Amino acid sequence: MPASVLTRWAGATAFAALAASPAFADTESVHYGNLTANAVVATPLSPGDNLFVDTFTSEHGALSQITTFTLESAADFNGLAGWIIDTADGQGPRLVGVNIDILDSQSTVVASDEFTGVLGGFAHSSFLGSLGPGIYTLVATGNAVRDASLDISLSFTPAVPEPATYGMLIGGFGVLAMLARRRR
């Protein structure tokens with residue numbers, strides 16, 4: 001392949017990679033001071049962005065928090081949650097029965113957290129998956145026996161291509177090589 005064709009192709013590939021990557025990662029934060037609360041994240045999220053939900057309340061009773069967010073393009077996500085269960089004063093746990101779900105626009109559960117254990121007075125759970133572009137709802141439920149604290153974070157990364165995408169990419173390189181060879 002002539003050097004000028006290779007240089008143009010490499011320059012176009014570098015430009016496409018640069019255009020496809022997010023310029024700046026953004027963290028959107030939602031802070032709740034009540035057990036029952038709703039919020040809408042105004043800024044759409046993209047791969048590379050993060051969503052952080054922070055709750056601290058002295059209320060007791062049912063926890064029902066709904067956070068709605070928009071995802072601009074397909075992304076994989078990693079979610080972590082932690083809540084205080086420290087029982088040092090003998091009054092029992094602070095927050096029990098915690099469940100965290102992500103629902104799509106049709107209210108179908110697309111991801112749920114999985115309890116991962118207790119460390120240093122905090123209970124932890126995690127969840128991960130892939131989401132397409134659209135509107136989603138993060139729902140946290142549970143019961144606050146006394147002052148409660150709950151933190152949830154979601155980190156979005158570019159979606160990993162399907163194996164068929166790699167096959168098409170390799171096939172495309174083959175076609176380019178064949179065309180370059182024919183031109184000689």
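Colleague: Among contacts in the chain between residues at least 6 apart in sequence, what share joins residues at least 24 apart?
Modeller: The model is a predicted one, and a contact here requires heavy atoms within 4.5 Å. Taking the contacts between residues at least 6 apart in sequence as the reference set, the part that joins residues at least 24 apart comes to 76%.

Colleague: Which pattern do the helices and strands follow along the sequence?
Modeller: The chain holds two helices and eleven strands. Read along the sequence, these elements give the pattern α-β-β-β-β-β-β-β-β-β-β-β-α.

Colleague: Which strands stand at the edges of the open sheet of six strands?
Modeller: The open sheet has mixed pairing and the order β1-β3-β11-β5-β9-β8. Two of its strands have a single partner strand each, so one side of each is left without a neighbour in the sheet, and these edge strands are β1 (27–32) and β8 (114–119).

Colleague: How many bridges join β5 and β11, and which residue of β11 is the bridge partner of L80?
Modeller: Strand β5 covers residues 75–84 and strand β11 covers residues 148–158, and the two pair in the antiparallel sense over nine bridges. Within β11, the bridge partner of L80 is S153.

Colleague: What percentage of the accessible surface of the chain belongs to carbon and sulfur atoms?
Modeller: Buried residues, those under 20% relative accessible area, make up 32% of the 184 residues in the chain. The accessible surface of the chain comes to about 10700 Å², and the percentage of it that belongs to carbon and sulfur atoms is 61%.

Methods
Residues numbered from 1 in each chain as written. Predicted model: local features only at pLDDT ≥ 70, side-chain atom pairs only at ≥ 80, totals over all residues. Heavy atoms only, no water. Helix = DSSP H or I, 4+ residues; strand = E, 2+ residues; numbered from the N terminus. Buried < 20%, exposed > 50% of the residue type's maximum accessible area, 1.4 Å probe, protein only. Areas by Shrake-Rupley, 256 points an atom, 1.4 Å probe, with all protein chains shown as cover. Pairing = 2+ DSSP bridges.
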